[in-house]
Every structure is written in structure tokens, then in C-alpha cells.
Amino acid sequence: MAFEKNQFDDIIEEFTVNGDTLHEIAADFRYDLRKGLQNPDESSLRMLKSYVGLPTGRETGEYLALDFGGTNLRVLRIQLKGEGKFEILKKVAKPLKVEGVYDFIGPDSTAEQMFDFIAELVDEAIDGDHTKKYLLGHTFSFPSEQSDLYNAKLIIWTKEFATPGVEGKVVNDLLKEALHRQGIDNVEPTAVINDTVAVLLAAAYKQPDVYIGSIYATGHNTCYLEPYADSADEPMILNLESGGFMKLVPNRFDEAFDQASEKPGEQRLEKMVSGRYMGELFGMALAELLGESGKSYGFTSIDMSNIIVDDSGNRQQVQQIVSGRTGRTLDLADCQQVQKLASTLVIRSARLVTASYVGIIWQLNGTDKALKQHIAIDGSVYEKMPLAKENIMQALSELLGEDSAVVDTVLENGGSGLGAAIAAAMSQR
Ligand code: GLC
């Protein structure tokens with residue numbers, strides 16, 4: 001078969017962000033950022049205070065780091081050595097959900113069960129030693145309202161988490177209680193940070209000129225160091241929860257997908273760009289081309305990545321992936337179109353993400369030239385998805401012009417763990 005040409009072209013068009021729209025989105029992002037600094041209620045950005053600035057790079061000592069933000073839970077014992085150096089002494093990890101075995105992130109679990117499971121993993125990381133004192137930094141990658149570095153209340157679950165009894169609670173209290181239930185009173189949680197904040201702390205621990213930290217993975221979000229230049233306030237990192245940014249141009253697939261999601265109306269940018277959702281949008285568009293609108297085939301962003309990289313003469317890998325998910329066998333021309341569809345979605349994602357970065361850069365610069373800087377990014381989409389990095393660079397240069405010469409992106413791999421340890425160290429200041 002061959003896809004209907006007009007229909008295919010229309011879908012590609014609907015997923016394309018042209019230069020003008022890109023500029024508008026970056027400008028709207030900056031607008032919401034400014035509004036959010038004055039009055040967060042008038043902005044689609046939550047602008048959450050983290051109660052932490054940048055590290056000096058001289059932080060030292062042994063700390064526990066809990067990384068809780070996706071299905072994979074990790075606990076690390078980390079030795080900070082100062083001068084941007086560190087050593088991972090121990091690392092344990094477990095998924096919060098194993099299909100058909102257990103599920104601590106679904107609606108049938110409880111907060112106690114979830115945090116008991118976390119406490120057990122902490123116990124593994126300290127080899128069951130209940131005597132040596134540890135400070136624990138907690139990277140908790142969900143929107144949380146903080147009143148200091150310890151006290152963070154979960155506002156709302158994102159990324160399709162649904163465990164009852166956690167929203168509205170102080171997450172470190174839940175953790176402390178669970179640790180206590182298991183006799184682990186030598187571990188003291190002292191800091192909670194978002195994973196974007198962790199990425200920024202980790203990158204800034206190692207090098208100068210980093211003010212923006214971002215996650216581009218299952219979820220998407222960005223934080224930055226607000227200098228509070230015109231006030232007496234100390235500079236502080238703000239977690240924008242930029243995945244919730246709304247001033248976008250969603251197409252009908254985005255709308256339909258949002259309606260069917262766990263939290264309709266929330267996380268609109270995230271639903272257009274992040275790894276958790278891109279595969280599903282791709283599947284929805286492909287269903288329409290295959291005359292099966294409304295079907296959900298379960299494509300993942302890893303499928304998209306494998307589809308895009310296939311440069312074999314007969315596009316065998318594309319054909320296999322598509323037939324595995326849809327039961328349909330495509331000819332060569334259609335396989336190439338499928339590749340184009342996947343690439344178009346990735347390019348849109350990278351452009352939208354970059355528009356948000358540039359909104360922040362404009363805000364940091366005021367009317368001056370762009371500040372020399374590295375945007376620190378962690379996450380599988382940034383690291384592994386073909387076309388993502390180069391389209392971020394392309395969009396940076398479209399939006400910043402000459403100024404793009406002083407801005408680049410750096411991969412901050414595993415920043416969530418290191419950042420949590422740094423936050424624990426900083427909690428002692
Ligand atoms: C979601 C969360 C946010 C987190 C991001 C990346 O957007 O709401 O807090 O930073 O995912 O993990």
C-alpha cells in the first residue's frame with residue numbers, strides 16, 4: 001500500500017514548528033517566566049523555590065542520595081571530594097513496578113507501601129548498618145511546594161504516577177516514617193530537590209558558567225538560577241515545572257492524547273516533547289495513515305529511535321518494528337515515510353524544548369548580550385535520540401543568532417544522584 005500523499009503531508013505539517021512559531025513560543029515562555037516571578041498564579045509556570053543556590057565545588061563528605069523520579073528507583077552512597085570530584089561507593093536500584101509482580105505507582109498501592117519499599121532500598125545501600133550516621137539528599141522529581149530545603153510537599157503527581165496518599169504530603173516525612181518503621185534511625189533526610197535542580201547542582205559542582213539545568217527524558221522540565229538582581233534576595237534555583245507550560249500550538253493529536261491521559265489539561269509541553277509520550281503520539285498519527293484512527297499500538301520513543309536510525313537499503317528494521325506493533329507490512333516507500341514522521345516528531349520536540357531554554361536565556365540577559373554558558377541536560381532523549389542534539393543547536397542558532405556562539409549544551413549524566421549528595425552537603429551550611 002502507499003500512504004495517501006495529502007494526508008501524509010498534512011500530518012507532517014501539523015507536527016512542524018516553523019521559525020515564526022518558534023520565536024513566539026520562546027517569547028511567550030519568557031513572558032510567563034516574568035509573570036511567574038511577580039505572581040505565579042498568572043503564569044503557566046509553577047516557578048517553585050528550591051531554597052538552594054549553586055555549590056562552591058568544595059563540598060566534601062560521604063552522603064546518601066535517593067533518586068526517586070521515574071519507574072527506576074536508585075540509592076547511592078557518594079563520597080564528595082571537592083574540586084568537582086566525587087566517587088560512587090555503592091549503588092542499588094530497583095523498579096517501582098514490575099508488570100504482573102508488584103506496582104507501587106498505580107492507584108491500588110498506598111503511600112506506606114511505596115515508602116517502605118524505598119526504605120528497604122536505602123537499607124541495602126547502607127548494607128544494613130544501623131549505626132553510622134548519614135545525611136540523605138533526596139531527588140524527588142515531581143512538582144513540590146517547598147518552604148525550606150527539607151520541607152517539600154508534593155503538589156500533584158505527573159508522569160502518570162497515581163499512588164494515593166502522597167499528594168499534599170511532605171515527602172521527606174513519609175520517608176522518615178518509613179525509615180523509622182524499619183529501624184533505620186541513623187539516616188537523616190535533610191534535603192529534597194527536583195531532578196532538574198540536581199542536574200544543575202551536579203554540573204555547577206564540576207564547572208563554571210552553568211545556570212540552567214534540564215531533564216529531557218521520560219519527563220521534561222527545566223530549572224535555572226534566578227539572580228534576583230533587583231532585590232536583596234540571594235540567588236536561588238527555581239524549578240519552573242516547564243512541562244506544564246501551556247502557550248503552545250497543540251494539534252489534534254496532542255489534544256486527543258491529552259484528553260485520554262491520567263491528568264487532562266496538565267503538563268501540556270511535556271506531553272508534546274518527552275520520551276514518555278512521543279511514541280504514543282507517533283502511534284496515533286500512524287494509525288490515521290493506516291486507516292485505523294484511534295488505535296493505540298504501544299509505540300515507545302525507543303521504537304522511534306530505532307526507526308530513525310535504520311539506513312539499510314530495504315528498511316528492514318522499520319518494517320519489523322511497525323509490523324510488530326501494528327500487524328501491518330509496509331513497502332519501502334511507506335517505511336521511509338514512517339521514518340519521516342518519527343523524525344518530524346523528534347525535531348518538533350527538540351525545537352519546543354529549545355524555545356523554553358531561550359525564554360530563560362533572554363530573561364537572564366535582559367537587554368544585554370547572552371551570558372556565556374553551558375545548559376546542563378540529563379536524560380535519554382537528549383543523550384540517545386537521533387536528531388535531538390543537532391536540532392537543539394539549530395534552534396538555538398535560529399533564536400539567538402550570533403549570541404548562540406557563547407551558548408552550548410552539556411550532558412550531565414547521572415546528575416540526579418550526584419546532585420542529591422551535593423544538596424545534602426549544602427544542607428549543612
Ligand atoms: C515531570 C515532573 C518534574 C520533573 C520532570 C523530569 O515533569 O513534574 O518535576 O522534573 O518530570 O523528571
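**Notebook: where domain 1 meets domain 2**

I began with the polar contacts in this predicted model and counted 6 residue pairs in polar contact between domain 1 and domain 2, both residues of each pair at pLDDT 80 or more. I then looked up which helices take part on the domain 1 side. Helix H5 (195-206) and helix H8 (275-289) each supply at least two residues of the side that touches domain 2. I sorted the residues of that side by type and got 2 nonpolar, 3 polar and 8 charged.

Next I checked for salt bridges. The rule finds 1 salt bridge across the interface of domain 1 and domain 2. I also looked up the side chains of Lys 263 and Glu 167, which meet in a salt bridge at 3.2 Å, N to O.

I went back to the domain bounds. The assignment gives domain 1 as 5-47 + 205-411, and domain 2 as 60-193. Their centres, taken over C-alpha atoms, are separated by 28 Å. To the contact, domain 1 brings 13 residues and domain 2 brings 16 residues.

My last entry is on area. How much area do domain 1 and domain 2 bury between them? I noted about 1200 Å², with 56% of it on carbon and sulfur atoms. In domain 1, the residues that lose the most area to domain 2 are Tyr 205, Glu 262 and Lys 263. Together these residues make up 44% of what the domain 1 side buries. Lys 263 was already in my notes, for its salt bridge with Glu 167.

Definitions and conventions:
Residues numbered from 1 in each chain as written. Predicted model: local features only at pLDDT ≥ 70, side-chain atom pairs only at ≥ 80, totals over all residues. Heavy atoms only, no water. Domains from an automatic or database assignment. Contact = heavy atoms within 4.5 Å. Buried area = accessible area lost by both parts, 1.4 Å probe. Salt bridge = Lys/Arg side-chain N within 4 Å of Asp/Glu carboxyl O. Polar contact = N/O pair within 3.5 Å; in protein donor to acceptor, adjacent residues only side chain to side chain. Helix = DSSP H or I, 4+ residues; strand = E, 2+ residues; numbered from the N terminus. Nonpolar A, V, L, I, M, F, W, Y, C, P; charged D, E, K, R; others polar.
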